[in-house]
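Please open the model in your viewer and keep the selection panel at hand. The stops below each begin with something to select and then describe what is there.

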Amino acid sequence: MLREYLQHNITFLEEVSSWEESIQKAAEPLLKKEYITTEYIGKMITNINENGPYIVIVPGIAMPHAQNEGEVLGTGISMLKLQKPVLYPENKEVTIIMALAAEDNTTHLDLIADLSSILIEEDVLNQLKQAEKEEDIIHLIETTETEDNF
């Protein structure tokens with residue numbers, strides 16, 4: 001499931017100027033495909049301003065999202081991978097930003113569970129942080145999803 005969502009939705013950049021820009025850049029593929037509105041990007045940023053960096057789920061990885069109140073038009077995930085970390089609030093360094101957009105709460109929770117099951121594996125997490133091409137990330141997720149099904 002994750003592989004299909006991430007295919008052609010991964011961006012690689014050397015750096016960004018702020019955590020807010022990292023969310024904007026991470027969400028661009030979803031915006032271009034009309035899965036989300038620009039208002040949804042604003043809501044993801046507002047969530048962090050109001051609730052802190054709870055979206056930094058493991059060291060180095062942030063999973064920005066917001067409640068859908070009409071701003072999510074289709075379920076999707078996009079990813080931004082940075083060479084240089086960006087600082088989120090509370091000095092949390094992040095190099096991977098995975099923007100989530102879910103049409104409903106059930107799908108939202110399913111996506112977070114799927115991502116968490118992959119990110120809990122330290123070896124997979126390290127490989128993800130080292131990946132330099134979309135194909136590497138897709139292959140890693142595909143391999144991990146296949147192993148989880150046995």
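This is a predicted model: local features need pLDDT of at least 70, side-chain atom pairs count only at pLDDT 80 or more; totals for chains, interfaces and linings use all residues.

Begin by selecting W19 together with its neighbours: leaving aside residues up to four places away in sequence, W19 touches I45, I48, N49, V86, L87, Y88 and P89, where contact means heavy atoms within 4.5 Å. W19 lies in helix α2, helices being DSSP runs of H or I with at least four residues and strands being runs of E with at least two, numbered from the N terminus. With a relative accessible area of 9%, W19 is buried; buried means under 20% relative accessible area, exposed over 50%, and partly exposed in between, with a 1.4 Å probe and protein chains only.

Residues are numbered from 1 along each chain as its sequence is written, and side-chain values use heavy atoms, with hydrogens and water left out.

Next, select residues 19-32 and 38-51, which are helix α2 and helix α3, and whose axes come within 10 Å and cross at roughly 150 degrees. The axes are lines fitted to C-alpha atoms, for helices over the stretch in contact, and the angles run from 0 to 180 degrees between N-to-C directions. Helices α2 and α3 are therefore roughly antiparallel to each other, a term for angles over 145 degrees, with those under 35 counted as roughly parallel, 65 to 115 as roughly perpendicular and the rest as oblique. To display the contact, pick W19, E20, I23, Q24, A27 and L31 from α2, and T38, I41, M44, I45, I48 and N49 from α3. Sorted by class, this contact of α2 with α3 has 8 nonpolar, 3 polar and 1 charged residues, where Ala, Val, Leu, Ile, Met, Phe, Trp, Tyr, Cys and Pro count as nonpolar, Asp, Glu, Lys and Arg as charged, and the others, Gly among them, as polar.

Now move to the loop between α2 and α3, where E34 is found. Although E34 is not a glycine, its phi is positive, at about 60 degrees, and at 60% relative accessibility E34 counts as exposed. For another residue other than glycine with a positive phi, select N91, whose phi is near 55 degrees. N91 sits in the loop between β4 (76-88) and β5 (92-101), and is exposed, with a relative accessible area of 63%.

From there, go to L100 in strand β5, which counts as buried at 1% relative accessibility. Which residues does L100 touch, not counting those up to four places away in sequence? They are Y40, M44, M63, P64, H65, G76, I77, I112 and L115. M44 and L100 are 56 residues apart in sequence but 9.4 Å apart in space, C-alpha to C-alpha.

Finish with residues 122-130, helix α5, whose buried residues are V124, L125 and L128. They cover an arc of only 100 degrees around the axis, which puts them on the same side of α5; the arc is that of the directions from the helix axis to the C-beta atoms. Turn to the face of α5 directed away from its buried side to see the exposed residues E122, D123 and Q130. Of these, E122 has a relative accessible area of 60%, and E122 and R3 are 119 residues apart in sequence and 19 Å apart in space, C-alpha to C-alpha.
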